[in-house]
Amino acid sequence: MKRTALLAVPAALLLALVPGTASAYPNPGTVTGSTVVHDPTMIRTSGGRYLLYATGGGLGYRTSTDRISFTAGADAFTTKPAWWSSYATEAWAPDISYAGGKYLMYYAVSKFGENTSAIGLAGSSTGLPGSWTDYGVVYTSTSSSDYNAIDPNLFVDDDGKWWLSFGSWWTGIKMIRIDPATGKQYAGDTKRYSLAARPTGSKAVEAPYIVKRNGYYYLFASYDVCCQGTSSTYKVKVGRATSVTGPYYDKNGVAMTNNGGTPVLESHGNVIGPGGQSITHDTDGDLIVYHYYDGSANGTPKLGINLLNWSSGWPVAY
């Protein structure tokens, strides 16, 4: 089976789709094998192998050679770093990338619903399980913080500057500048920028992911509630900006710091609460990689992969 199994919706039909209606959202592309995951992040190596890491344990691992059939392997960390115990026993929401001549993985260590949290960093020459060297803590939050140091995402800009977005609930999505030499906060700019928030009502916005396309920076984020099986209300929204630090606006001109966001994926049929997303570029285009709760399997979290079309200036999943 070829990767074109993801192309279930003809490109011509994309223009007829209206985000916000259930019929506008495609089902996940075909994936088989070990596909029970949460908060997946995926990268394609120069040799064509897909490396996927996800929430849980020492960061769960899956791999594929065709982007359809996935097999499980050992966790990223053979031994969990000792410092994790100050925050939790498992790691969340990894973010894998290749930058500075090596594979990097930012991740969070936190207890569910608490903001005494830490973002950690590890590096590897291969990206394979057991090869990761932990570099320790990058950024933290405490019970007195008005932000939460979880769900990190590294973005390397065209000018060589590194940025890390992160955050959840409390006062929303944040960003700090990163020093490429260390992978940690840049001493010359210690400002904590605000990218997205929900000032009234639910504070539920998390899992940022930033890409740059056609001159704009696009911020993807997950809104509402995850981790409740078929009762989950997670959804993916996006905004764009002309500066990496914002301000980000949705398609209707509403600021993401004021509960803005254009829908990319929402619940439909047995695909419930899609979110925890990452974006990766492949040979046939950009992919949105996410989890959803399978309504036909008692809400088990499953891997979802779809291609994105950018022809309208906004990402449309198909």
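**How the terms apply to this structure**

Author: In this predicted model, F77 touches G58, L59, W84, Y107, A122, W132 and D134, residues up to four places away in sequence being left out. F77 also belongs to the largest nonpolar core, where F77, Y107, V109 and W132 have the most contacts.

Reader: How many residues does the largest nonpolar core have, and what makes a set of residues a nonpolar core?

Author: The largest core has 20 residues. The name requires buried residues of listed types, such as Phe, Tyr, Val and Trp, joined through side-chain atoms within 4.5 Å. Strands β3 (50-54), β6 (91-99), β7 (102-109) and β8 (117-124) each supply at least two residues of this core. The largest share, 4 residues, comes from β7. There is also a second, separate core of 18 residues, which includes Y218, F220, V236 and V238. In soluble globular proteins, nonpolar side chains tend to be buried together.

Reader: What is the secondary structure of the protein chain, and how do you know whether the chain agrees with a compact globule?

Author: The secondary structure comes to 0 helices and 21 strands. For 318 residues, a compact globule would have a radius of gyration near 20 Å; the protein chain has 18 Å, and therefore the two agree. Of these residues, 58% count as buried.

Reader: What makes the phi of D224 and the phi of N298 worth noting?

Author: Most residues other than glycine have a negative phi. Phi is near 75° for D224, a positive value, and near 60° for N298, again a positive value. D224 is in the loop between β15 (216-223) and β16 (235-241), while N298 is in the loop between β19 (285-294) and β20 (300-309). D224 has a relative accessible area of 16% and is therefore buried, whereas N298, at 79%, counts as exposed.

Reader: Why is the pair of D224 and R198 called a salt bridge?

Author: The term requires a side-chain nitrogen of Lys or Arg within 4 Å of a carboxyl oxygen of Asp or Glu. R198 is buried, with a relative accessible area of 12%.

Reader: How do you know that R213 forms a salt bridge with D286?

Author: The closest N and O atoms of R213 and D286 are 2.7 Å apart, and the cut-off is 4 Å; the pair therefore qualifies. R213 lies in strand β14 and D286 in strand β19, 73 residues apart. At 23%, R213 counts as partly exposed, but D286, at 5%, is buried.

Reader: How many salt bridges does the count come to?

Author: The count comes to 9. Another of them joins D294 and K302 at 2.8 Å, N to O. Both partners count as buried, D294 at 9% and K302 at 18%.

Definitions and conventions: Residues are numbered from 1 along each chain as its sequence is written. This is a predicted model: local features need pLDDT of at least 70, side-chain atom pairs count only at pLDDT 80 or more; totals for chains, interfaces and linings use all residues. Side-chain values use heavy atoms; hydrogens and water are left out. Buried means under 20% relative accessible area, exposed over 50%, partly exposed in between (1.4 Å probe, protein chains only). Contact means heavy atoms within 4.5 Å. The radius of gyration is taken over C-alpha atoms; the globule rule is 2.2 Å times the number of residues to the power 0.38.
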